[in-house]
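These are my notebook entries on a structure I opened today, written in the order in which I looked things up.

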Amino acid sequence: MTHSAASTLSPEEIRRRLREGEEIALLDLREEGPFAAGHPLFAVNLPLGRIEERIAGLIPRRDAPIVLYDDGEGRVARALPVLATLGYSQVAVLEGGLAGWRQSGGEIFIDVNVPSKAFGELVEHVRHTPSIPARALHDRIARGDDLVILDARRFSEYNVMSIPGGRSVPGGELALRVRDIAPSADTTVVVNCAGRTRSIIGAQSLINAGIPNPVVALRNGTIGWTLEGLALDRGATRRAGDVTRDNAALARQNAAALAERTGVRVIGADTLAALLADPARTLYRLDVRTPEEYERGHLAGFRSAPGGQLVQATDEWIGVRHGTIVLTDDDGVRARMTGHWLRQLGWREVYVLDGWSDLPRESGPEPVLLAASPPEVEMIAPSDLAALRDEAWVIDLATSPEFRRGHIPGARFAIRTGLADHPAMETVREIVLTSPDGLAARLAAPELARQGRHVRVLGGGTRAWQQAGLGLETGLDPATALFGADDVYKRPYEGTDNAAAAMQAYLDWEFGLVAQLERDGTHGFTVLE
């Protein structure tokens with residue numbers, strides 16, 4: 001199938017649909033590294049080799065309008081038959097690809113999760129969200145001032161590096177838990193993240209929620225702290241405690257008022273059923289509580305999307321711009337607080353589901369969503385692979401960060417797209433594919449087998465190898481890797497080995513996002529005043 005098998009949409013038509021609130025999914029088929037180097041504001045990154053793994057979650061409706069593009073690499077032509085096989089029927093191609101978007105005057109954005117980051121800058125611009133420089137906070141800590149530092153990132157990020165004395169309170173938890181953390185109205189509440197967005201949104205969440213305390217964002221987060229030459233904590237584990245009944249009730253009252261002001265609608269099971277039955281609507285059902293709470297018990301059909309991360313990285317859960325969003329929690333606070341931000345982010349239909357009593361529940365981790373059953377392939381057990389590793393190539397389809405953290409000794413890092421045609425594969429006939437849980441390997445195996453190679457998949461993936469007591473290697477050796485590690489963009493605000501110049505450049509980029517939004521003109525953001 002070629003480009004001619006699908007209709008094309010002009011950049012101007014796509015911008016019209018975005019401005020007018022029509023459903024549309026604009027998918028960038030490149031790896032995350034090239035995607036982060038430049039893309040339209042509402043493009044969603046879905047690499048060609050990950051389509052089968054991710055598309056069912058991003059685009060649950062098979063006849064949702066989809067537009068594909070690449071930057072001339074030929075990925076669109078390869079994606080069209082994949083999507084057709086999976087049952088996606090309304091697929092078009094961006095006229096001229098990324099170059100056509102640029103030539104038409106479309107704005108190009110760098111980095112990832114850009115809508116949320118640009119929105120955060122707009123919030124600060126409009127609301128003048130108060131902030132404190134790193135050195136001033138350091139001095140206040142040294143004086144023993146009455147303050148608490150709340151880290152709005154995921155716990156895993158906080159645990160890597162954090163502001164000394166700070167505790168982990170992910171952004172979606174702030175309004176629910178802050179009154180118990182800082183019961184005195186005289187206590188200053190400082191919200192931080194690694195850069196700017198979650199600090200700004202977290203601090204403004206507490207201001208919007210009407211807490212009586214002074215609230216400030218840590219200006220430029222842990223990046224600003226590091227650029228000041230100040231030391232960060234490593235491995236901290238401080239978290240918020242339990243929520244008392246009176247404070248939970250007050251948080252509910254204020255969250256309900258914010259939801260109403262911003263147009264979030266509260267619904268019950270009957271309305272949810274009607275939304276699910278609407279064939280022209282792409283519906284996302286998201287549980288905004290913590291992952292631990294989700295695993296203990298959740299509504300069937302709802303995905304885990306912790307509220308702070310959902311606001312920070314909406315495009316990681318929702319692939320169709322202007323789709324319909326239903327949020328839920330079990331406290332009456334977190335879904336409403338998350339919803340009031342999503343409405344400001346331009347999502348026109350945002351609902352909060354109240355009352356779980358008549359709905360089926362499940363427990364355990366979020367199930368893997370696949371658009372089709374994975375293919376039947378020949379499997380190999382970890383013990384058998386250990387006995388024949390000298391006779392076969394072990395190829396690992398983990399992401400490059402996962403590969404670096406641990407892989408089967410001697411395994412070669414690879415990206416699925418282009419693997420079958422890689423020059424190094426010309427003489428290889430015995431292959432064992434693996435990936436963290438084995439799913440990506442299973443999906444990729446038929447492509448290699450069709451070329452006459454003997455391909456097996458490690459049952460249970462690299463996790464099963466490790467669970468069998470077999471050792472792993474760490475690192476990624478460019479000499480044995482089949483591809484460069486451009487599958488994941490290296491964030492300047494994550495990890496502990498970032499260069500000062502890269503961190504400063506990232507901050508400078510964020511400062512310019514409001515001007516880019518004005519030039520782009522498709523965002524539909526509104527900031528509560």
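**Entry 1**

I began with leucine 433, which I found standing opposite valine 457 in S22. I kept in mind that the model is a predicted one.

I then turned to S18, which runs parallel to S22 and is joined to S22 by two bridges. Here methionine 379 has valine 457 as its bridge partner in S22, and valine 457 is also the residue that leucine 433 stands opposite.

What is the order of the five strands in this open sheet? I read the order as S18-S22-S21-S19-S20, with parallel pairing. The edge strands are S18 (379-380) and S20 (412-413), each of which pairs on one side only.

Is S22 largely enclosed or largely open to the outside? I found four of the five residues of S22 to be buried, so the strand is largely enclosed by the rest of the structure.

**Entry 2: another five-stranded sheet**

Next I looked up an open sheet of five strands whose order is S6-S10-S9-S7-S8, again with parallel pairing. Its edge strands are S6 (131-132) and S8 (167-168), and each of these pairs on one side only. Within this sheet I followed strand S7 (residues 147-151) and strand S9 (residues 188-192), which pair in the parallel sense over five bridges; one of the pairs is isoleucine 149 with its bridge partner valine 190 in S9.

I also checked which helices touch these strands. Helix H7 (residues 134-143) lies across S6, S7, S9 and strand S10 (215-218), and runs at about 130° to S7. Helix H10 (residues 197-208) packs on the sheet as well, touching S9 and S10, and its direction makes about 175° with that of S10.

**Entry 3: strand S4**

I went on to strand S4 (residues 66-69), where Ile66 and Leu68 point one way while Val67 and Tyr69 point the other way, and all of them are buried. I set this beside the general rule that in a regular strand the side chains alternate between the two faces of the sheet.

Which strands does S4 pair with? Strand S2 (residues 25-28) runs parallel to S4 and is joined to S4 by four bridges, and S4 also pairs with strand S5 (residues 91-94) in the parallel sense, over three bridges.

**Entry 4: helices H9 and H12**

I then examined helix H9 (residues 174-181) and helix H12 (residues 245-262), whose axes come within 9 Å and cross at roughly 140°. Angles over 145 degrees would count as roughly antiparallel, and H9 and H12 are therefore oblique to each other. H9 passes H12 in a right-handed crossing.

Which residues meet where H9 and H12 touch? I listed Ala175, Leu176, Arg179 and Asp180 from H9, meeting Asn247, Leu250, Ala251 and Asn254 from H12. The residues of this contact divide into four nonpolar, two polar and two charged.

**Entry 5: two single residues**

I picked out alanine 248, which lies in helix H12 and is buried, with a relative accessible area of 13%. The C-alpha atoms of alanine 248 and alanine 175 are separated by 9.2 Å, although these residues are 73 residues apart along the chain. Leaving aside its neighbours within four places in sequence, I found alanine 248 in contact with Val243 and Val333.

Last, I looked up glutamate 293 in helix H14 (residues 291-296). Is glutamate 293 buried or exposed? Its relative accessible area is 13%, and under 20% counts as buried, so glutamate 293 is buried. Leaving aside its neighbours within four places in sequence, I recorded contacts of glutamate 293 with Asp330 and Arg334.

Methods:
Residues are numbered from 1 along each chain as its sequence is written. This is a predicted model: local features need pLDDT of at least 70, side-chain atom pairs count only at pLDDT 80 or more; totals for chains, interfaces and linings use all residues. Side-chain values use heavy atoms; hydrogens and water are left out. Axes are lines fitted to C-alpha atoms, for helices over the stretch in contact, and angles run from 0 to 180 degrees between N-to-C directions. Angles under 35 degrees count as roughly parallel, over 145 as roughly antiparallel, 65 to 115 as roughly perpendicular and the rest as oblique. A crossing is left-handed if the near helix is turned anticlockwise from the far one by less than a right angle, and right-handed if clockwise. Contact means heavy atoms within 4.5 Å. Ala, Val, Leu, Ile, Met, Phe, Trp, Tyr, Cys and Pro count as nonpolar, Asp, Glu, Lys and Arg as charged, and the others, Gly among them, as polar. Two strands pair if DSSP finds at least two bridges between them. Buried means under 20% relative accessible area, exposed over 50%, partly exposed in between (1.4 Å probe, protein chains only).
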